[in-house]
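Trainee: I would like to learn how to read the features of a model like this one. Please show it to me, and then let us take the features in turn.

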Amino acid sequence: GCFFRHVIRRQVFSFPHRNLMSFPKTIEIGANLTDPVFRGVYHSRQDHLDDFDDMLARSWAANVDRIIITSSHLQDTKDALELCRRDERLFTTIGVHPCRSRIFDEFGDSAAYVSSMVDVARAHGNKIVAVGEFGLDYDRLFFADKDTQLKYFQLQFQLVDAVPHLPLFLHNRNTGTDFLDILRANRSRFRHGVVHSFTGTKEDYRPC
């Protein structure tokens, strides 16, 4: 995902004279399109006009075939699904990002929150294509402490159990062995997936 974003950004904005259709079709697997910056809003201030549709048009022109919108919590998924209604080439994920994992406690009933995610995932199986983004992020513990992240990373494998056909969209940043320990303990519960922001080594992930 990051490589393709780099290529697309360079070709669309730095080299507009190039024939973009000569590039192979790509799928952007990690687009945070529910972020207000894609509407021109930065730090709650409207800095430029909403150019969301223009941004999509530039992506399609750069031979992007499909875009998977990364969701970081349940409402994010619902907002992403609304965006998906606008174009059949848009898809999304369902899960809680580690930096948003306090949302389980804020909701008051973590089991009910997971159940709601299961319901949404099953109701929109044509548009929800992965479980995630979920995992661990120890570089940003000011959003959610380590124990909270660990607890709700493990809990979300109940969502994985409910939609076993979906791949995982995982997040791992500076977590030592904790991330891989949880993956290994739950390896029988999923078939495949991708790790976004993986900061380990080849030796780390091979046993998974």
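Trainee: In which helix is E106 found?

Mentor: Helices here are DSSP runs of H or I with at least four residues, strands are runs of E with at least two, and both are numbered from the N terminus. E106 is found in helix 4, residues 103-107. This is a predicted model, in which local features need pLDDT of at least 70 and side-chain atom pairs count only at pLDDT 80 or more, while totals for chains, interfaces and linings use all residues. Residues are numbered from 1 along each chain as its sequence is written, and side-chain values use heavy atoms, with hydrogens and water left out.

Trainee: Is E106 buried or exposed?

Mentor: Buried means under 20% relative accessible area, exposed means over 50%, and partly exposed lies in between (1.4 Å probe, protein chains only). E106 counts as exposed because its relative accessibility is 58%.

Trainee: Which residues form the negative surface patch?

Mentor: Patches are made of residues with over 30% relative accessible area and no salt bridge, with like charges joined within 9 Å. Asp and Glu count as negative, and the place of a charge is taken as CG of Asp or CD of Glu. Here D105, E106, D145 and D147 form the patch.

Trainee: How do strand 1 and strand 4 pair?

Mentor: Two strands pair if DSSP finds at least two bridges between them. Strand 1 (residues 26-31) and strand 4 (residues 64-69) are parallel and share four bridges; E28 has I67 as its bridge partner in strand 4. Strand 4 also runs parallel to strand 5 (residues 90-94), with three bridges between them, and there I68 is partnered by F91.

Trainee: How many salt bridges does a search of the whole structure find?

Mentor: A salt bridge is a side-chain nitrogen of Lys or Arg within 4 Å of a carboxyl oxygen of Asp or Glu. The search finds eleven. One of them joins the side chains of R39 and D50, at 3.0 Å from N to O. R39 lies in the loop between strand 1 and strand 2 (41-42), and D50 in the loop between strand 3 (45-46) and helix 2 (52-61), so the pair ties together parts that are eleven residues apart in sequence. R39 is partly exposed at 26%, and D50 is partly exposed at 43%.

Trainee: Which residue forms a salt bridge with R173?

Mentor: The partner is D137, with the closest N and O atoms 3.4 Å apart. R173 lies in strand 7 (residues 168-173) and D137 in strand 6 (residues 128-137), so this pair ties together parts that are 36 residues apart in sequence. R173 is partly exposed at 23%, whereas D137 is buried at 0%. Salt bridges with shared partners join D137, R140 and R173 into one network.

Trainee: Which residues does the cis peptide bond join?

Mentor: The bond joins G132 and E133, with omega about 10 degrees. E133 is found in strand 6.

Definitions and conventions
Patch = residues over 30% accessible without salt bridge, like charges linked within 9 Å, V, L, I, M, F, W, Y side chains within 5 Å. Areas by Shrake-Rupley, 256 points an atom, 1.4 Å probe, with all protein chains shown as cover.
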